[in-house]
Amino acid sequence: MPTLDVAPGVRLWAEERGPADAPPLLLIMGANASGVTWPEELVDALAVRHRVIRYDHRDTGRSTWSFDEQPYALTDLARDAVAVLDAFGVERAHVVGLSLGGMLAQLLVADHPERVLSATLLGTGALSTTPYTAPDGTRTDPAALPGMAPHVLDLFLRPVTDQGPEAELDRRVELWRALAGEKLPFDAAWFRALEQRVVEHTGHYRPSTAHARADQSGLLRTAELAATDVPVLVVAAGAEPVYPAPHAQHLAQVIGGARLVEFPEMGHALSPQILEPLAAAILAHTAG
């Protein structure tokens, strides 16, 4: 099932890997990123024990690029995730979400708990107004938690001009270098090969900006997340520059029964060095 229709004029690319009778696991990628951005090594590791499904969001990869003609809200992307499960005939799935994908996974936990076996949340913030309580008892409003590292924000806000495919790959590698954090050696060749696969999959090298322009209203799920009984694993990355500490700790506090696992050297990128232990953590969580 390479494509599926989720709305009038909107078609998503999707694929599955692993045993057809294994527990389903849905991968939800971050903003403006194709499903192919999930590293092959991680997908293969998870597919040993799961029927892994990944897909391209709208305005990424081989899915419909239609935001300029058909603007949508971020909440529509969560509905797309449910539509992907429906298209594959999946009643309930384990869900793994990165960055914006972690927010969409929270929406699934809050709005469709009957569809979620478990959730693993990576590099994301809580869709909650509940204050963060520090170990010393100090309470901080979520809006006052630390923001994105300035050098990363600068790269995100920098205007992108078309200077050809190689220059675009250079730009993406530079962004991954910033997202990876400063605690692991950066493998530029590995990330360049990753982005080359994304470009080949997509069929062009134009970057997507749709999700940054989409309507961000209606995302808060404070009460629903606090009351959920869906098993949730929150990954705390020690070198996270987009949602730095204590965002992960806050997320684990606001979701009922959530468990926190720490990766001290991990950043916002799925660097090759952390794929094996990350897969092991996800598999341990999905095994219950």
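Which residues touch the most other members of the largest nonpolar core?

1. Leu26, Ile28, Tyr55, Val84 and Leu121 do, in a core of 47 residues; a nonpolar core is a set of buried Ala, Val, Leu, Ile, Met, Phe, Trp, Tyr and Cys residues joined through side-chain atoms within 4.5 Å. Helix α3 (residues 100-111) supplies the largest share, eight residues. A second, separate core has 41 residues, including Leu155 and Leu194.

2. This is a predicted model, in which local features need pLDDT of at least 70, side-chain atom pairs count only at pLDDT 80 or more, and totals for chains, interfaces and linings use all residues. Residues are numbered from 1 along each chain as its sequence is written, and side-chain values use heavy atoms, with hydrogens and water left out.

3. Helices α5 (residues 165-179) and α6 (residues 188-202) pack at about 125 degrees, with axes 9 Å apart. Among the residues making the contact are Leu169 and Trp176 of α5 and Phe191 and Leu194 of α6.

4. Aspartate 59 has a positive phi of about 65 degrees although it is not a glycine, and it lies in the loop between β4 (51-55) and α2 (74-87). At 5% relative accessibility, aspartate 59 counts as buried (under 20% relative accessible area; exposed is over 50%, partly exposed in between, with a 1.4 Å probe and protein chains only).

5. Asparagine 32 also has a positive phi, near 60 degrees, but at 25% relative accessibility it counts as partly exposed.

6. The peptide bond from alanine 245 to proline 246 is cis, with omega near 10 degrees.

Definitions and conventions. Axes fitted to C-alpha atoms, helices over the stretch in contact; angles between N-to-C directions. Helix = DSSP H or I, 4+ residues; strand = E, 2+ residues; numbered from the N terminus. Contact = heavy atoms within 4.5 Å.
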